[in-house]
Amino acid sequence: MTDDQFEVRKATIADVERIHTLISVGAEHQKMLARSRSDLYESLRDFIVAARRSDNLVVACGALAITWADLAEIRSLAVEPEFQRQGLGRRIVASCLAEAKGLGIRRVFVLTYQKEFFERQGFAVIAKEELPHKIWSVCLKCPKFPDCDEIAMAFDVPGNGAA
Ligand SMILES: CC(C)(COP(=O)(O)OP(=O)(O)OC[C@H]1O[C@@H](n2cnc3c(N)ncnc32)[C@H](O)[C@@H]1OP(=O)(O)O)[C@@H](O)C(=O)NCCC(=O)NCCS
């Protein structure tokens with residue numbers, strides 16, 4: 001698309017402050033887990049961003065974090081409120097799923113309050129018990145632990161051995 005205002009690309013070091021801001025705003029509204037700058041630097045290679053082409057302003061982010069041999073998680077998905085409902089969340093998720101496909105990962109999951117949004121991206125609700133215990137190590141950092149009210153959803157990557 002030639003009139004596409006936004007570039008969806010892998011994050012770089014220069015994007016960390018904006019990613020930190022986007023996630024912090026989401027966390028203030030109880031929509032996601034806050035992440036420290038140190039955590040963001042360590043996991044920067046997981047991140048995809050949408051940047052406005054005119055000034056490179058990062059307006060959306062999301063990360064694909066590998067959990068295990070057959071599993072990865074979409075984490076820290078956030079779109080600046082002013083830029084929501086313009087297809088950027090969908091594009092970040094699609095980019096994460098394409099990366100999962102390339103990596104040979106069978107299933108991508110998310111813990112979210114945005115059930116309808118993820119249903120539109122092909123995710124289905126699963127029982128939290130289907131997820132390996134390993135994922136709950138991140139949850140220990142959550143102020144809501146152990147009373148998690150997020151919904152677990154999963155997407156089985158076509159062609160990567162899903163049942
Ligand atoms: C949830 C969020 C990522 C969606 O991003 P977005 O860029 O606004 O969504 P998109 O424009 O890509 O929407 C894609 C589709 O989902 C729908 N949709 C988006 N948000 C929705 C919502 N809250 N409820 C229902 N449907 C929604 C859109 O209407 C669109 O539908 P279509 O397929 O018929 O066109 C964004 O609203 C956000 O950052 N919210 C705050 C943080 C958050 O909750 N993050 C999720 C953490 S897991």
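A: First, the residue classes: Ala, Val, Leu, Ile, Met, Phe, Trp, Tyr, Cys and Pro count as nonpolar, Asp, Glu, Lys and Arg as charged, and the others, Gly among them, as polar. This is a predicted model, in which local features need pLDDT of at least 70 and side-chain atom pairs count only at pLDDT 80 or more, while totals for chains, interfaces and linings use all residues. Residues are numbered from 1 along each chain as its sequence is written, and side-chain values use heavy atoms, with hydrogens and water left out.

Q: How many nonpolar, polar and charged residues are in the shell around the ligand?
A: The shell has 8 nonpolar, 7 polar and 5 charged residues.

Q: Which residues come nearest to the ligand?
A: Val79, Arg85, Gly87, Gly89 and Arg90, out of the 20 residues around the ligand. A residue is near a molecule if one of its heavy atoms lies within 4 Å of it.

Q: Which element supplies the largest share of the shell?
A: H4, with 4 residues. At least two shell residues each come from strand E4 (71-79), helix H3 (88-103), strand E5 (107-112) and helix H4 (115-120). Helices (H or I, at least four residues) and strands (E, at least two) are DSSP runs, numbered from the N terminus.

Q: What lies 2.8 Å from a nitrogen atom of the ligand?
A: A polar backbone atom of Leu77. On the oxygen side, a backbone N or O atom of Gly87 is 2.7 Å from a ligand oxygen. A polar side-chain atom of Arg120 is 2.8 Å from an oxygen atom of the ligand.

Q: How much of the ligand does the protein bury?
A: The protein buries 81% of the 920 Å² that the ligand exposes when taken alone. Those areas come from the Shrake-Rupley method with a 1.4 Å probe.

Q: Now Arg85. Where does Arg85 lie?
A: In the loop between E4 and H3. Phi of Arg85 is near 60°, a positive value in a residue other than glycine.

Q: Is Arg85 buried or exposed?
A: Exposed, because its relative accessible area is 87%. Buried means under 20% relative accessible area, exposed over 50%, partly exposed in between (1.4 Å probe, protein chains only).

Q: What about Asn56, what is its phi?
A: Phi of Asn56 is near 65°, again positive in a residue other than glycine. Asn56 sits in the loop between E2 and E3. Asn56 counts as partly exposed, because its relative accessibility is 44%.

Q: On to packing. How many residues has the largest nonpolar core?
A: The largest nonpolar core has 25 residues, and Ile74, Leu88, Val108 and Phe123 have the most contacts inside it. A nonpolar core is a set of buried Ala, Val, Leu, Ile, Met, Phe, Trp, Tyr and Cys residues joined through side-chain atoms within 4.5 Å.

Q: Which elements each supply at least two residues of this core?
A: Strand E2 (47-52), strand E3 (58-68), E4, H3, E5 and strand E7 (151-156). H3 gives the largest share of this core, 6 residues. Apart from this core lies another, of 15 residues, among them Ala11, Val16, Met32 and Phe47.

Q: Which residues is Phe123 in contact with?
A: Leaving aside neighbours within four places in sequence, its contacts include Ile74, Val93, Leu97, Val108 and Phe155. Contact means heavy atoms within 4.5 Å.

Q: Why does Arg35 count as buried?
A: Because its relative accessibility is 6%. Arg35 is placed in the loop between helix H1 (16-28) and helix H2 (37-42).

Q: Which side chain makes a polar contact with the side chain of Arg35?
A: That of Asp39, at 3.0 Å. A polar contact is a pair of N or O atoms within 3.5 Å; within protein, one must be able to donate a hydrogen and the other to accept it, and residues adjacent in sequence count only if both atoms are side-chain atoms. Beyond four places in sequence, Arg35 is in contact with residues including His20, Phe47 and Arg75.

Q: Last one, Thr67. Buried or exposed?
A: Thr67 is buried, with a relative accessible area of 10%. Thr67 is found in strand E3. Leaving aside neighbours within four places in sequence, Thr67 is in contact with Ala72, Glu73, Phe109, Lys134 and Ile135.
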